[in-house]
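Good morning, and thank you for joining. I would like to walk through one structure and take its surface first, then its helix packing.

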Amino acid sequence: GTAVFLLVKPIERWRIVLGKLIVAVGLSIALVAPASFIAGAILGPGGTGISGGVGAAVGTAIGATVYATVFFALSLVTGRALAIGLVYVLVWEGVLAGLLEGVAALSIRQYTLAITAAISTPGPTDPALLDPLVALVLSVVAVAVAALVAVRRLSSYEIGQAGD
């Protein structure tokens with residue numbers, strides 16, 4: 001009911017999207033970053049300790065931000081966002097990104113892994129991972145494009161009448 005209430009008010013659509021994204025991203029980060037920090041500090045490669053925890057927390061926070069923004073935009077574009085999101089995560093992220101090298105540039109999971117590895121273990125990183133700077137830039141681009149899609153889709157959204 002709140003979506004209809006917000007859409008009939010003269011509120012700029014970018015403000016609605018920004019508010020929803022702040023809540024979604026904030027909750028996502030609040031749920032995953034502390035657990036990732038603890039796991040990274042305990043299980044980090046080579047016993048990295050605090051740097052492993054910080055790397056894991058920052059990497060998953062960035063990943064959560066990108067996932068939340070992309071899936072929020074997807075939910076505005078299609079009524080089948082959950083199904084498409086599951087296919088993306090299972091097929092694209094789970095299978096194809098690991099098998100095909102070029103697909104890593106379009107994989108949020110690969111962005112997260114590259115950023116996490118760069119922070120956890122400074123110095124040379126695994127050559128199979130994306131360059132951390134590239135991963136960070138692609139993460140920012142993905143968030144910006146998804147937010148723009150969400151604003152444009154919400155701007156063109158029309159509320160129908162009961163008989164439509």
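**A nonpolar patch and a helix pair**

The nonpolar patch draws at least two residues each from α2, residues 13–43, and α3, residues 50–77. Please keep in mind that this is a predicted model.

Which residues form the patch on the surface? They are Phe37, Ile38, Ile42, Leu43, Ile50, Val54, Val58 and Ile119, and together they have about 720 Å² of accessible area. Helix α2 gives the largest share, with 4 residues.

I turn now to packing. Two packed helices are described by the distance between their axes and by the angle between those axes. For α3 and helix α5, residues 108–120, the axes come within 7 Å and cross at roughly 160 degrees. Because angles over 145 degrees count as roughly antiparallel, α3 is roughly antiparallel to α5. The crossing in which α3 passes α5 is right-handed.

Staying with α3, I would point to leucine 74, which lies in this helix. Is leucine 74 buried or exposed? With a relative accessible area of 19%, leucine 74 is buried, because the class requires a value under 20%. Leucine 74 is also 8.2 Å from glycine 85, C-alpha to C-alpha, while the two are 11 residues apart in sequence.

Thank you; I welcome your comments.

Notes:
Residues are numbered from 1 along each chain as its sequence is written. This is a predicted model: local features need pLDDT of at least 70, side-chain atom pairs count only at pLDDT 80 or more; totals for chains, interfaces and linings use all residues. Side-chain values use heavy atoms; hydrogens and water are left out. Patches are made of residues with over 30% relative accessible area and no salt bridge: like charges are joined within 9 Å, nonpolar side chains (Val, Leu, Ile, Met, Phe, Trp, Tyr) within 5 Å. Accessible areas come from the Shrake-Rupley method with a 1.4 Å probe; for residues, only the protein chains shown count as cover. A salt bridge is a side-chain nitrogen of Lys or Arg within 4 Å of a carboxyl oxygen of Asp or Glu. Axes are lines fitted to C-alpha atoms, for helices over the stretch in contact, and angles run from 0 to 180 degrees between N-to-C directions. Angles under 35 degrees count as roughly parallel, over 145 as roughly antiparallel, 65 to 115 as roughly perpendicular and the rest as oblique. A crossing is left-handed if the near helix is turned anticlockwise from the far one by less than a right angle, and right-handed if clockwise. Buried means under 20% relative accessible area, exposed over 50%, partly exposed in between (1.4 Å probe, protein chains only).
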